[in-house]
Amino acid sequence: MHTFLYKKVGFKAELVGELAGNYSTVVLMFGFAVAAMAPALVISRMLSPRKRSNPVKFLPMECGQVPTGEGRTQFMMQYYAYILMFVVFDVVAIFLYAWGSTILYLPKEATLPIIAFLGIIFAAMAFALSQSDRRKIW
Amino acid sequence: MSVIAPNFKLSEFIKSILDNAFWILLILALIGIPAVQVILFYIEMPVINGELLTPFLALTWIADPSRTLPIIKAFMTTDLFRIAAFPGFGFAALLAAGTIFVERKMLAKLQLRVGPFYCGKIEGILQLMGDGLKLISKEIIIPAKADKPIFWAAPVLFVATAAAFVALIPVAPGWVVADLDVGLLAVFAIIGFFPIITILSAWAANSKFPFIGGIRALFQMVSFEIPLILSLLGAVILTGTLNLSEIAASQSSFPWIIFLPIGAIVFFVTMLAELERIPFDLPEAESEIVAGWLTELSGMMYGLVQLGTYLKLYAFAALFVVIFLGGFNGPMLWPPFPEEIITEGIELGPVTAQIPGLPVFSQEVLNGILMFVLKTVGVIFFILLPRGVFPRIRVDLLLDLGWKKLIGLAFVNIFIALGLLYAGILGPGGII
């Protein structure tokens, strides 16, 4: 199928990596989109006018005001609690897929620990959410 | 009225065309043809009608349609066709372009406007082409203090990541670019790249509005990723596979939305948030922060980001269809091909050209494509509809919705799936 991944050594074609071979089409699609869309920018750059006479044009957009200060300012988003929760529960949610995709082949008793696990997640998430509402601590 | 080219001379115009033609021919003869030969030397050519296809035979067979058809069929089995044309980029871009036009027309009707009207005589059908030409001829202005390489690369990467997402969607039985055993996890992996590209573009612009918009986009996408992931777990529990083609094929008798309506609702709402569509368009809130993280993008860069956004919209709608609405399954609406077309071919009027084996797709595949496209268009309609109806949601309500209600409902959905499995209704040995 993906001939460039098969290294022909001697008489026998050897498989380099089956899983990597499956993913190659995703990467090829990514590369195809880059190869198809980058020329649009190049053509646009060739067709469109380029006048560099007015330096005001290259200032950051601030609705007509004269821009002040740096573009990358620091400001408070008060989101740190949610980011911490995301880091934990995103991984946990992916772990649940390992269980969910094999549940048809597991004995029924194996679900009980997962239910307990879900309970722990749910309790932990509820506690974290109640803490994240107390904005003073962030 | 301004004159487009005041110093126009016909003789110089013809001379320039001849000049260009000469150089193109010269470069083609010296570099192009040898390059094609070198490339063809390394490509494995297909065997057609017991003959190995050489470039010379391919050229002679163009004259005879009955011998060209096997070449087309052989080309359609290659990865290149799948990536560039049918289940891949071309198909998705076509649907995305249709989505843009329908969105503008439909929103106009919802708000008692006319919408695109003049371009192309019939209801402004060429408006999109006109917009494309306008975008490509606009000057690309990059802020002086921007990180130029990243700022240039971000729109292209956005389109490419959306295309990689499209690659995982099964359109018809056997018609998918990348048939992965862990297709759903690959979807999550690719979705995870969008916030990174957004924040890269926003940070590289070195401007305040893109920065605020980028951070908003990052936080919104990140916080809705958990309900997104959890809402699809129900369907995985009931099918026992992560392969999207198998999940679609498992719904031949009924779609999962009948048993998992809560999961479908949660996924739909998170889909709106991931796509930054109204009512969740805080990252691009026009009335607050100009255009959010798109503020400094101009000309074709903005056009590419829009194309990527609509490719992503198509991919999400298609994922909804594949997991909850049965994908390519459905009643057989496509009429069967007459027997003589398959065996003898059709006779085209006075010029008799008998081409046997004309249907390049089988009836099942065509029906699968039809059902898939109908359902996807329906889901896209429901994604577009809130834009004409709802106002923008407040940020604390957004957090409340994403982190409390949707995650809770996603857990409920998981327990419904488990209950259906262990009550013996679904699954192996179940009632249904």
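I started with two helices of chain B: B:I262, B:G263, B:V266, B:V269, B:T270 and B:A273 of helix 14 touch B:G402, B:L406, B:L409, B:A410, B:V412, B:N413 and B:I416 of helix 19. Contact here means C-beta atoms, placed from the backbone, within 7 Å. Helices are DSSP runs of H or I, at least four residues, numbered from the N terminus.

I noted that this is a predicted model, where local features need pLDDT of at least 70, side-chain atom pairs count only at pLDDT 80 or more, and totals for chains, interfaces and linings use all residues. Residues are numbered from 1 along each chain as its sequence is written, while chains are lettered from A and ligands numbered from 1 in the order in which they are written.

I sorted the contact residues of helix 14 and helix 19 of chain B: 9 are nonpolar, 4 polar and none charged. Ala, Val, Leu, Ile, Met, Phe, Trp, Tyr, Cys and Pro count as nonpolar, Asp, Glu, Lys and Arg as charged, and the others, Gly among them, as polar.

Most residues other than glycine have a negative phi, and most peptide bonds are trans. I found a cis bond between B:I278 and B:P279, with omega about 10°. B:P279 sits in the loop between helix 14 (261-274) and helix 15 (286-289) of chain B.

I then looked at B:L112, a non-glycine with a positive phi of about 55°. Its loop runs between helix 5 (89-110) and helix 6 (127-136) of chain B.

B:V290 also is not a glycine, and its phi is positive, near 55°. I placed B:V290 in the loop between helix 15 and helix 16 (300-324) of chain B.
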